[in-house]
Amino acid sequence: MTITSNTSVTPAAFLRRWWPWIAIIAAALILPFILPPFRLNLLGRFLSLGIVALGIDLIWGYTGLLSLGQGIFFALGGYAIAMYLQLDSLEPGQLPEFFGLYGVKALPLFWQPFSSPWFTLVAIWVIPALVAGLLGYLVFRNRIKGVYFSILTQAALLVFFNFFNGQQKLINGTNGLKTDTASFFGQMVGSDAMQRNLFWVTVLLVIAAWTLCRWLTTGRFGDALIAVRDDEPRLRFTGYNPTAFKTVVFTVAGALAGISGALYTVQSGMVSPQFMAVPFSIEMVIWVAVGGRGTLIGAVLGAVLINYAKSLISEQLPETWLFIQGGLFLLVVTALPDGVVGWWRQGGPGRILAMLGSSPASATYPGLDLDPDVLAEKRAIEGRARAQESGASQPSGAER
Amino acid sequence: MNVLLDTLFNGLAIGSVLMLAALGLAVVFGLMGVINMAHGELMMLGAYTTFVVQNLLKNGPLEGLFPAYILLSIPLAFLVSGLAGLLLEKTVIRRLYGRPLETLLATWGVSLILQQFVRSVSSAFFIGLIAAVALGLLAPRLLPAAWWRQRWSPLLGVGSWVGAGAIGIGLAAALGNDRSLDQPWFSARNIDVTAPEWLRGSIDVAGVTMPTARLFIIALTLVSLLAVHWFLQKSVWGIRIRAVTQNRPMSSCLGIPTEKVDALTFLVGSGLAGVAGVAVTLLGSVGPNLGGNYIVDCFMVVVLGGVGKLLGTVVAAMGIGVLSYILGSGSLLLLWPQMPAGLNETITFFATTSMAKVLVFILIVVFLQFRPAGLFPQKGRMVEA
């Protein structure tokens, strides 16, 4: 954000600078009262997915680490809050229902701290952060990077998925943990009033997460991250240790994923190993890619818009969604490498308007470029080049 | 002794399926550096080809060939998957060489499209698709040439594809009113391939029961491996492929058509996926989600083996196969009954197929801590900084 230097702020200048925030706050205050509860719930869920997308933007868009395993941290956060809600809504001495099915008499030791709300509030983001930090340190220490990093994170995801799927006794395996019937501050978690509060909490946390990411990426730390992305060997030769930067940023992304998972779990009513399914974690990447990697707001927008589109399309034409999603992957990779927000910021709409002729193409040397004769000649040359190109075979493939 | 042999055989059987599946991936990833997430879906295409061949031969004039349908479907599956891979290379992958993360995302998109394609393809859908693709490809010819020299020509390019897509969808919808054309070919259900008579029994050797289907898969794996080895080491195109892998600009200077080499490598890798698909049909019913069950395992095989080494792929696949069978079936407990109690509990904890996978993957990640480049790392000066 640019900082204006004039000290006397006129209302118009104030509006011009702050209108996005005013719009966001107004929307956050008004939406819960005009949207039906079902849609509000969806919006709240998708906003919470925006937080995990912010984390992915941080590690992929800024640092160049494509993690396909963010579902691990997302689900860990979800399991933490789900267990707390289950334990909190029980009478003293009781156990969550599913333990009885598998003959477990006492609460397993590692679940016991989760009856405390304060521990849970911390655990939601600290446990995923610790797991991410450990995994990241082990991987980055060996300078495993690029696609190997992606494949390893995916393998780790599969490890967690199989583990959580297979452990019926300790975490209810495939069925996961339900939260919608649990009570929270004396209200049902699934109730409408609760939903409104959760929506506001989500909005606040998204803004907080955005601010954190903004702060991390603007300073020297952010410069180091971009250096890791663009030329890691050079950064190392300059005397920095990329491992530390990468581990830290991966840990932060893990923590964000945990918070996101907790918010999503509370609003969707359950957590299950499906949160760690391989496709879901790759979907997270596509939200960021479509919104625009390296643009923080793009990650949130991408998560909300794609998921909203998904729910709308899946209601109407369920069969087409996979085609559309696959098409989005292809589109983003081949035509929109910086996503929608990146395209917008680089003057994409202006270029399209210029193509349609409604505004003149920008001129580097107006005296020369706008001369009608020169323009006519240029068009003739371009036409000839295009004819040659379509006559000959495809343009030669890019070099490796 | 019996238990040991039995374990070894079953482990080898699992490993050989894994190896057959990973072989094509090793070719594509090892030689081209392309991450093909659609590899599993190409396997699925091979499996569906087997299904189609079986149904064509089951009742009809060619019934005499039915016992051999599985042999017939191997080259056909190679061709179908290979051509699908070739199309993928020509349209998408070639724009993305040198950007492996982008190929990962693009091929994942392709895999989603292929999955849904198999679920919802019907005759109407297929005709509409062909029409859309044909119109999109022919648009530059059909529209006036002058239109392609305007300022808005890039928009016309996009627009022509959107228009072709709309026409295709419209055509499919119109044809879909006819009940017989609207019938999905496969639907979302799993399909079953019944093994021919001669693959159904089992052979007893030294007290070990070996199902013939498993033996067939092991043999198929061996043949494929030898064929790939011969192709890469002895054939002219194999030598060209290796040359391009080692030094692309130099090969190009010496007159090797690098683009053709890329296309051929991708075709061979994808075709091998199809062959693996044939093998998988013998193990049980298969469905549109087949690919997801194999893709991560295949990548683990390639990474563990070391990129660009076929020997590494073989050792890694067999190792993973034997290890997961030993752990998953709990046969370690049978082999060593007097195990200490603590170890015994640990082994029992991991003695299911999915938990064995957990342990094997953890072991692989630990192993990569010590040997980050896999079992057989690439030697030479081409190592990245």
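Which element of chain B has the lowest mean pLDDT, and which the highest? Taking pLDDT as the predictor's confidence in each residue, from 0 to 100, helix 14 of chain B (residues 331-335) has the lowest mean, 70, and helix 11 of chain B (residues 258-281) has the highest, 91. Residues are numbered from 1 along each chain as its sequence is written, and chains are lettered from A, with ligands numbered from 1, in the order in which they are written.

Let me stay with confidence for a moment. Chain B has a mean pLDDT of 83, with 97% of its residues at 70 or more, and for chain A the mean is 82, with 87% of residues reaching 70 or more. Within chain A, confidence is lowest in strand 2 (residues 183-184), at a mean of 67, and highest in helix 11 (residues 242-268), at 92. Over residues 391-400 of chain A the pLDDT is below 50, and this stretch has 9 contacts in the model beyond near neighbours in sequence, a contact being two residues whose C-beta atoms, placed from the backbone, lie within 7 Å. Where pLDDT is low, the predicted coordinates should not be read in detail. For the complex, the predictor gives an ipTM of 0.84 and a pTM of 0.83.

Now to chain A and its interface. Chain A has 18 helices and 4 strands, where helices (H or I, at least four residues) and strands (E, at least two) are DSSP runs numbered from the N terminus. Of its 400 residues, 42% count as buried, that is, with 20 or more other C-beta atoms within 10 Å of their own, whereas exposed residues have 12 or fewer and partly exposed ones fall in between, with C-beta atoms placed from the backbone. Among contacts in chain A between residues at least 6 apart in sequence, 79% join residues at least 24 apart.

Turning to the two chains together, 46 residues of chain A are in contact with 46 residues of chain B. Helix 6 (147-166), helix 12 (278-291), helix 14 (321-334), helix 16 (348-356) and helix 18 (372-391) of chain A each supply at least two residues of the side that touches chain B, and helix 6 of chain A gives the most, with 14 residues. By class, that side of chain A has 26 nonpolar, 15 polar and 5 charged residues, where Ala, Val, Leu, Ile, Met, Phe, Trp, Tyr, Cys and Pro count as nonpolar, Asp, Glu, Lys and Arg as charged, and the others, Gly among them, as polar.

One residue of chain A deserves a look: Asp192(A) is in helix 8 (residues 192-218) of chain A, and it counts as partly exposed because 14 C-beta neighbours lie inside 10 Å. Its C-alpha atom is separated by 6.3 Å from that of Pro37(A), 155 residues apart along the chain.

In chain B, the domain assignment, which is automatic or from a database, gives domain 1 (2-121 + 192-375) and domain 2 (122-183). Taken over C-alpha atoms, the centres of these two domains of chain B are 36 Å apart.

Helix 4 of chain B (residues 100-120) has 21 residues and should span 30 Å, and its end C-alpha atoms are 30 Å apart, which agrees; 17 of its 21 residues are buried. Helix 12 of chain B (residues 290-305), with 16 residues, should span 22 Å, and its end C-alpha atoms are 23 Å apart, which agrees. Of those 16 residues, 14 are buried, and the helix is followed by Gly306(B), whose phi is positive, near 100°.

Finally, strand 1 (residues 202-205) and strand 2 (residues 208-211) of chain B run antiparallel, joined by 4 bridges, where pairing requires that DSSP finds at least two bridges. Ser202(B) stands opposite Pro211(B), and Asp204(B) stands opposite Thr209(B). The two strands of chain B form a hairpin with 2 residues between them, and Ala206(B) in the turn has a positive phi of about 50°.

Definitions and conventions
This is a predicted model: local features need pLDDT of at least 70, side-chain atom pairs count only at pLDDT 80 or more; totals for chains, interfaces and linings use all residues. The expected span of a helix is 1.5 Å times one less than its number of residues.
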